[in-house]
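Student: Hey, can we walk through this model together? I'd like to go piece by piece.

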Amino acid sequence: MTNKLPNNFLWGGAVAAHQLEGAWNVDGKGPSVADVMTVGSTTSYRSITEGVLDFEYYPNHEAIDFYHHYKEDIKLFAEMGFKCFRTSIAWTRIFPKGDEHEPNEAGLQFYDDLFDECLKYNIEPIVTLSHFEMPYHLVTEYGGFRNRKLIDFFVNFAETCFTRYQSKVKYWMTFNEINNQANFNEDFAPFTNSGIFYQPGENREAVMYQAAHYELVASAKAVQIGKTINPNFEIGCMMAMSPVYPENCQPKNNLMALKIMEKRYYFADVHVFGSYPNHILNYWKRNKITLDITEEDLAELKKGTVDYIGLSYYMSHATKHRPDNTYYDYDETKDLIKNEFVERSDWGWQIDPVGLRYILNWLTDVYRLPLFIVENGFGAYDKKEADGTIHDTYRINYLKAHIEQMRLAVIEDGVDLMGYTPWGCIDLVSAGTGEMEKRYGFIFVDKDNQGQGTLERSRKESFYWYQQVIQSNGEQL
Ligand code: P53
């Protein structure tokens with residue numbers, strides 16, 4: 001047994017292109033699904049408009065203009081001691097509409113420059129291919145991932161990136177939080193995950209399973225192609241992990257919690273084992289859900305399994321069985337209850353550090369693969385004092401408590417963990433609400449929810465704290 005994290009543990013930070021780059025229509029970039037989303041609030045998701053409208057404010061259009069500030073920002077990451085930096089490649093910089101054959105050279109060049117800048121400081125780039133930013137044209141022309149053609153478009157994009165960056169990027173993930181769309185009764189996740197707008201009256205759930213299937217096949221094909229381009233690539237999936245606890249030890253509540261876990265995490269079974277678990281096949285049969293799944297698809301899934309599981313962890317959930325729910329079916333809009341044992345953020349996210357240790361153990365038990373925490377963090381309001389300092393002790397407390405549990409998972413439980421990249425290491429646009437003032441960063445960016453501000457960067461108290469965490473390999477918290 002060791003009492004330390006491994007020496008090559010990848011400490012860093014995580015972002016997604018659409019949430020910080022801005023420059024939404026610069027150098028040939030096309031509009032993505034993120035470019036037609038407005039600002040919501042602490043209690044409501046953002047809304048989706050039909051195309052880009054003149055009178056609306058779209059926070060991702062400028063974001064924090066990382067596109068023009070990346071050198072300054074990466075320098076700050078290096079100052080914190082980052083060993084790695086997770087970002088995504090905006091699909092629309094490479095293929096502005098998504099269905100072109102030839103990529104946009106200016107977009108490819110931007111990521112060459114960005115990765116070179118990271119490598120200059122020995123910062124390993126960790127890259128997500130699809131992070132809530134597919135070309136909007138693929139939505140209007142093809143209906144997003146409800147269309148099988150999207151498999152080829154994605155694979156073409158993946159192959160282009162793998163080929164171009166094969167000597168600069170080793171760690172990849174295919175689809176960010178592919179399982180968010182298990183919440184298909186709301187519009188947000190199906191749109192951001194899959195570019196899906198529901199038609200009135202259609203079977204939302206069936207559409208979701210179909211889209212997810214095409215994505216899983218696309219991921220499996222990409223994994224295979226990636227491995228032929230560079231056998232040293234490590235290609236992972238990416239799951240939003242929030243364990244669901246039963247309200248109490250009432251057996252039906254416990255079974256309900258298990259059934260919810262199955263529905264939220266079957267995606268990982270397909271990524272890792274290359275096949276669907278029985279519970280899903282049975283569920284489709286019982287609900288007469290018939291999908292377009294071919295023999296070739298099933299063969300692809302088997303051949304394109306992932307090397308590791310990337311995960312986000314922010315919170316845990318709790319549930320209680322509804323008496324009328326005969327089959328223990330999961331409806332996220334109805335089945336989650338408040339957990340009285342934990343605190344909540346200003347956005348109602350339940351703060352549960354032990355849940356991180358729990359889910360790292362659970363994933364290890366079920367999948368036996370290396371894990372990588374590629375998101376964790378605390379969205380909060382920050383206040384800049386008159387002297388320019390920002391005392392975000394609440395953020396330090398959140399991260400400290402989670403890193404403690406992460407260390408226990410590795411040191412006491414034997415979890416194989418590759419690294420830890422807290423979310424939004426620099427303030428950026430919230431995915432769920434579009435707010436700038438739901439801040440996660442170690443670096444403050446002067447900009448508000450209405451888009452006003454100088455974009456000036458400043459170090460928060462947590463900046464110096466995280467610097468010391470990395471320097472001590474997680475021992476000085
Ligand atoms: P925001 C919901 C639940 C958990 C994670 O989220 C989620 C979401 C979607 O909002 O998304 C991930 O910005 C996602 C990031 C996102 C981050 O969590 O809503 O991968 O893009 O910014 C935090 O506070």
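Student: What order do the three strands of the open sheet take?
Tutor: The order is 6-8-9. The pairing in this open sheet is mixed. Keep in mind that the model is predicted.

Student: Which strands are at the edges?
Tutor: Strand 6 (244-246) and strand 9 (336-337). Each of these edge strands pairs on one side only.

Student: How do strand 8 and strand 9 pair, parallel or antiparallel?
Tutor: Antiparallel. Two bridges link strand 8 (residues 317-319) to strand 9. Look at T319: L336 in strand 9 stands opposite.

Student: Which helix packs on that sheet?
Tutor: Helix 9 (residues 251-273). Helix 9 touches strand 6, strand 8 and strand 9. Its direction makes about 165° with that of strand 6.

Student: New topic. How many strands are in the closed barrel?
Tutor: Eight. They run 1-2-3-4-5-7-12-13, and the pairing is parallel. On average, neighbouring strands there are turned by 30° against each other, direction ignored.

Student: How many bridges join strand 3 to strand 4?
Tutor: Four. Strand 3 covers residues 124-130, strand 4 covers residues 171-175, and the two run parallel. In this pair, T128 stands opposite M173 in strand 4.

Student: Which strands does helix 6 lie across?
Tutor: Strand 3, strand 4 and strand 5 (234-240). Helix 6 spans residues 149-164 and runs at about 165° to strand 3. Helix 4 lies across strand 2 (84-88) and strand 3. Its angle to strand 2 is about 165°.

Student: And at what angle do helix 2 and helix 4 pack?
Tutor: About 10°. The axes of helix 2 (residues 66-80) and helix 4 (residues 105-120) are 10 Å apart. Angles under 35 degrees count as roughly parallel, so helix 2 is roughly parallel to helix 4.

Student: Which residues make the contact?
Tutor: Helix 2 brings F66, Y67, Y70, K71 and I74. Helix 4 brings F110, D113, L114, E117 and C118. Seven of the contact residues are nonpolar, three are charged and none is polar.

Student: Last one, the ligand. Which residues come nearest?
Tutor: Q19, E375, A431, K438 and Y440, out of 16 residues around the ligand. A polar side-chain atom of Q19 is 2.7 Å from a ligand oxygen atom.

Student: Does A431 use a backbone or a side-chain atom, and what about H131? Which is which?
Tutor: A431 has a backbone N or O atom 2.7 Å from an oxygen atom of the ligand. For H131, a side-chain N or O atom is 2.8 Å from a ligand oxygen atom.

Notes
Residues numbered from 1 in each chain as written. Predicted model: local features only at pLDDT ≥ 70, side-chain atom pairs only at ≥ 80, totals over all residues. Heavy atoms only, no water. Axes fitted to C-alpha atoms, helices over the stretch in contact; angles between N-to-C directions. Parallel < 35°, antiparallel > 145°, perpendicular 65-115°, else oblique. Contact = heavy atoms within 4.5 Å. Nonpolar A, V, L, I, M, F, W, Y, C, P; charged D, E, K, R; others polar. Pairing = 2+ DSSP bridges. Near = heavy atom within 4 Å. Polar contact = N/O pair within 3.5 Å; in protein donor to acceptor, adjacent residues only side chain to side chain.
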